Amino acid sequence: MLSRIFISRIQAVESLRALSAGLTVAPEELGRISSRLDEASIQFEHASTSTAYGALAGLIRLVASLTEWRKSVLDASEGADRIFRSTVERYRMWHREYGEQEAAEPFLDAAGLIPKICSLPDFEDLCKALATTPLPVGAFSDGRYRIPRNSNQQVTEPAPAELSIAFLKFQIDGEAAATIHHLAPSVLHDLEIEVRVSRWPDSATKLRLSPVSAELLNTYELSEFTFDRPDGPPPYSLVQRGRAVLKHAQGLNARPYEFKYAASFQPTNSEQPVSVVGHRTLLIEGFDVKSNPITGYPSIDEKILEVRDKLRRSGAVKSEELTALLEVLTVLGSLAGRAVQDAEFDGAWKEAEFQRVVRAELRRNPRIGSHLDEHPAAAGGITDLSFRGIAIELKSIPNGVKTLADCQTYVEQTASYAVAKEKQVAVLCVLDCSKKTVAPFPAKDGITILKSEAPAGVSVVTIIIQGNITRPARLSR
Amino acid sequence: MNQAEFDQYVKQGLRNQEVITLIHNYCTHARVVSKGGVGVVAEMTGLPLGMLGVDCDNAPVRGLDGWRLQEVAVDFYDRNCAHCDKRSPLRLPNLLQLVDARDKAAEARRLKEEAAKVAAERAHQVRISKRITLRVGQSAACCALLDDIDALDVAPSDEVKARIVETAKLAPEIFSAPIVEYFFELANSSLMNLQEQALLALQHVASDKQRLSEAALDCLAKGRAIDVSAEIVLARPAMGDEARIERAVPALISLAKSPDSGFPFSETEDRPDALLALYRAWPAAVRRVTQELLDTKESYKVRLGVAALQVLSLHDPELLTHFARTTISKLTRAHLLLEDIRTEQDLNRACSDLRRVVASTLLVAPEKTDSLIATFFEGASTEGEERLVRVYEELSRRSIQSRSHGISKFTPNEIADAIVLKRLLKLASTCANMKVLTVIAQLIQSEPDELVSVGAKNMDALLGTAAVMDARIESFHATKRENKSNDLLEHLETRNSAHTLYQLRAGCASLAATAARGDKTRVESYIAFVANVDSQRDGLISALIEATPHLVDSPTALNVALPQLYSSLVTTSVLRRTAAAKALAKFGAARISDLPELVLEAFALLLTDPYVMVHQGAVHALSSVPLPKHLEQRAAAALLQLIIYYSGKADQHDFLVRCIRLYLSRFASESELRAGIDALLVKYLMDTPAQLHASDFAQMAKSLAQAPNFVNFVIHVLDTPELSEYGARDSSRLLHRVPATEASARASDFADLAKRHPDRFPLVESVVELLSRIGAWTEAIAAIQGFCEAIPDNMPSRRLKWNARLHVLAVKFEAAVASGDVPQQEALKKEWLQIEAAIEKDNDQYSRRRNAFPNFH
């Protein structure tokens, strides 16, 4: 292979050398050399060597034009300027093709001389520069990776537009299906759907939008939407209403029902959608806080559900950890609500006293009872309380906390206990003992998730219990 | 391979051994070398078998390579030794013995040919004399006809042939009684040219049609002028006598459907008309011949009998049932009833024909044939059982065969297909012959249309068989646990058997699911079956779960199957979790996009599953399961954890490389890689066997090229001594990814690498390309020179060395261009032209001896 190819490279260098010395080389000869270099370029396995040979072949063709220009100049004939302008334009084309190619970089400086050529010595400088630019000695392709060109390739019809379905509107009881919906079980709810279909497959008679869910089939009933082939040109907008009903209520620890609407054309052997875009998922919470309250404080119940959903979405918390956490939150949420409603923590409390009360409160819950540990060791320290490995850190702050963010001070300590027990979640319960000069904030606003620093990244569910609340009557004095 | 084939190989090996001695005795310079791998027989016997060739340092031309060393040796002698003056003889006998034998045989052949020529010439003269006598008193036109016969007697000519036939058509009166008699004489002669033309002419001029038919039947009996004889028989099939008819039938069968010879492009056009016409006129005689053919112990004759049945049964299907017992018996005991079988292929070809005809019989009379097969099955040998079960396989491939013959619509035969399915399921449940079970497993797994169409009505049987197979697997393992063996062969056999049983269980589940597809009630029934299986039967449930993608052809079906699939993803059973992951992988991207996030989340959790089987299954599935963004991140983290964990497990390199490939192609961002992950991954890859993963490395190189240890990795991989030829080529592609700055800094290391492996030209070539691209000319020259110098200075390597030297000159020339050294450039060009001239001269000198064909002189 090399013996066939490389001789043209030698001839190219020789010709350029001759031209740089002011000698003459026939443009036809240069044309032949450039053709052979072009042929050689496709024999290499590596693209960069192919590019380098291709770039040189292009430059030799430009040099061939310039030899004609040189002759015209020497003969004082009329076409010299025309040839030169043509060469410069072709140089620009060459530059567009190879200017950005790393493999052609060694030629760029030399080639840049072409538009600046004013005299024959300039041309000779160009040839000299090209004659002293080396090329890589490339490996040859054995043809394994080359796709054969099929000269008899039939002209295929252009592919039809992509078959896609966009969900434009997806509402449940008039609200957009965006986040989690709380729906009462055993009650009928409205579903409304609007889709846009890019085109209708020839063989399809119907479009069916069906709910897909991992839930057991007898726990829900959701409408299936069926559309007949519409009239008129595509795209088509299709609207339909249906119903949804959950047949069973969920427990607090259960995940929300998840339904996703899938689109398919009927019969099933028709062309099917390539892409289905838009929101088409329904997340429905079948836990009814009104009929099954958690703490007795609806706003706190909602907050607890929010914390639960957030932790679930993060994906970092295991379900058994979450179950234990929710048990603890149920008790502490109730305590936080009562602390505001009944001002249960009057005056300043020591941490030990606070712990006694919280411990007793937790133990009263029959699902916690004996599983609550007090002062178990973790990470070289002593945890206040722990339920099924979930650390519960208690703090009584005489000066109180102004915002939830102030509790961040205690988050790393709490997180350390969690990490020691290989948990991703922990509870921080802060008793704010500061003297209140204003009305207390709603108990639900004292519940949030604070994150410990990376790399631990433990989610510390923080609950502020408001103590030392001033009697409302005193605030008026 | 049967015993006869084995013996033949051993005989050839012994002969090769003798030839090696003869070559060595002729000249001590010549040596026999293996040009390919070592086969089983060579390994067992130690005999020189395989692709062998002869090498010699003084030989300018390569000889042929081959299995039969005697021919190879003589060919090498003709190309080289016959012209050599450097012979170093040892003793007698030597290679000349073979050369003499070859020359003597050639001479004997020549003499025989000459004698035959003389005899033919004598006979020709006799025929000419006869025609001279005939000419007396005949018209000029008749004499012209005889002239044509004379001409045809000398050389075949289409023009003359046409003239004779046209004369018979247009001027039958020319054919006087003596001429017609002469033509009948020619028809009975042994001269192919004249015989055929005589029959063609007699078709138009002979008034005695009975005699003509008899002449044609006689020709058919001798296997001559078959086409024209068949035409005559077709015109008057009732003429002739039974004895002649019976002798003619075999030739007509081969014309109607010639048994496949096994040679490519040897197919001939089937012309069944004459045979059919004869069968209509003489059914008893044709049946008798068919029976006789089937009863013989010669495989070709049996195949002819089968061919007759195949042709005639299209018009008389009853014929198949009439011969059913014979064909089934012949198929079952083919290895005993066919005596001239020499190779396994011969036996396979005969059995293939018999199998087809039994399958056709099964199609015509399903119940009767099935019970007949079952009777033979009971007394059959292991091989016989396998042959019989392949009849059912043959019948279940009709749809595939229809498609391969361009017939888009396939007509099912529900009764026959149902019988086939039931028989297969029965055998799967009861048969102990692993060969039979393997055939059934492969057939069921391929899910042919025939079985799918009847599977819907037999879903319970399919699911029931899957359950039976599960029980068989359990008892198989229990038995093997009791009789544990340390024998490797037995261990492998046990593994294969277990694998077959697993395949059968999976195949039945999969076929049931495919059969249920598209029918909501059946899909629900399948899922109900899964739900009702005893939870202790983990293996069965996982096989059924793994097959669920076959059920799903619409979102409605997906919704029915999904609760079971989801519960399998989160179950405590390791097998079921793995099966669910595999099932998800089979759904395809479009169906996956319809899945609720809950399901994908459960799948993502499998990537961190503590059980090896589960997380490995999940990683295998991951490449086919697109995930939403937040799960994608979780999957990336899990994959990285697995990579770190498996980096310390030497025996799990396949899985590690798979993980790294997946991570790089799907998850790794540029910034993450630059943060040090690329170096870590390269470090892990360096501990995996490069010879097994060269192709993977080449594909990952783009992502890893910027790692600080990438160059070390490339050198490490390319230094691997176990790299195969393809592996070396793949690994050389790594060099293209080395960044220029790194390549410059390590130029001398790359040159040393090339020098360490002068026998790997693709590597040296790629190193030179890399070094020349960055302008490391000294190192590039050193690398290519190392390669050139490693080529020995002898005659066979001379051309290779010249080409290597050209490569050296090319690199030196570019170096001279870079330094602007014009005198050096001119000197190099001069040497280049000298070498090209030498190559040209060598081509001229040896072109004749390099002829690709043996005995070129």
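Is A225(B) buried or exposed?

1. Start with the answer. This is a predicted model. In it, A225(B) has 6% relative accessibility. Buried means under 20%, so A225(B) counts as buried.

2. Next, its backbone. A225(B) is not a glycine, yet its phi is positive, at about 40°. Look for A225(B) in chain B, in the loop between α9 (209–222) and α10 (226–235).

3. Chain A holds another residue of interest, A76(A). A76(A) also has a positive phi without being a glycine. The value is about 55°. A76(A) lies in a loop of chain A, with α3 (47–75) on one side and α4 (80–98) on the other.

4. Why does A76(A) count as exposed? Its relative accessibility is 66%. Exposed means over 50%, so A76(A) falls in that class.

5. Now the peptide bonds. The bond from Q266(A) to P267(A) is cis. Its omega is near -5°. P267(A) sits in the loop between β9 (257–266) and β10 (275–277) of chain A.

6. P455(A) is placed in the chain A loop that runs between β18 (447–451) and β19 (459–466).

7. To check these on the model, visit the loops in turn. P267(A) is in the β9 to β10 loop, and P455(A) is in the β18 to β19 loop. A76(A) is in the α3 to α4 loop of chain A. A225(B) is in the α9 to α10 loop of chain B.

Key: Residues numbered from 1 in each chain as written. Chains lettered and ligands numbered in written order. Predicted model: local features only at pLDDT ≥ 70, side-chain atom pairs only at ≥ 80, totals over all residues. Heavy atoms only, no water. Helix = DSSP H or I, 4+ residues; strand = E, 2+ residues; numbered from the N terminus. Buried < 20%, exposed > 50% of the residue type's maximum accessible area, 1.4 Å probe, protein only.
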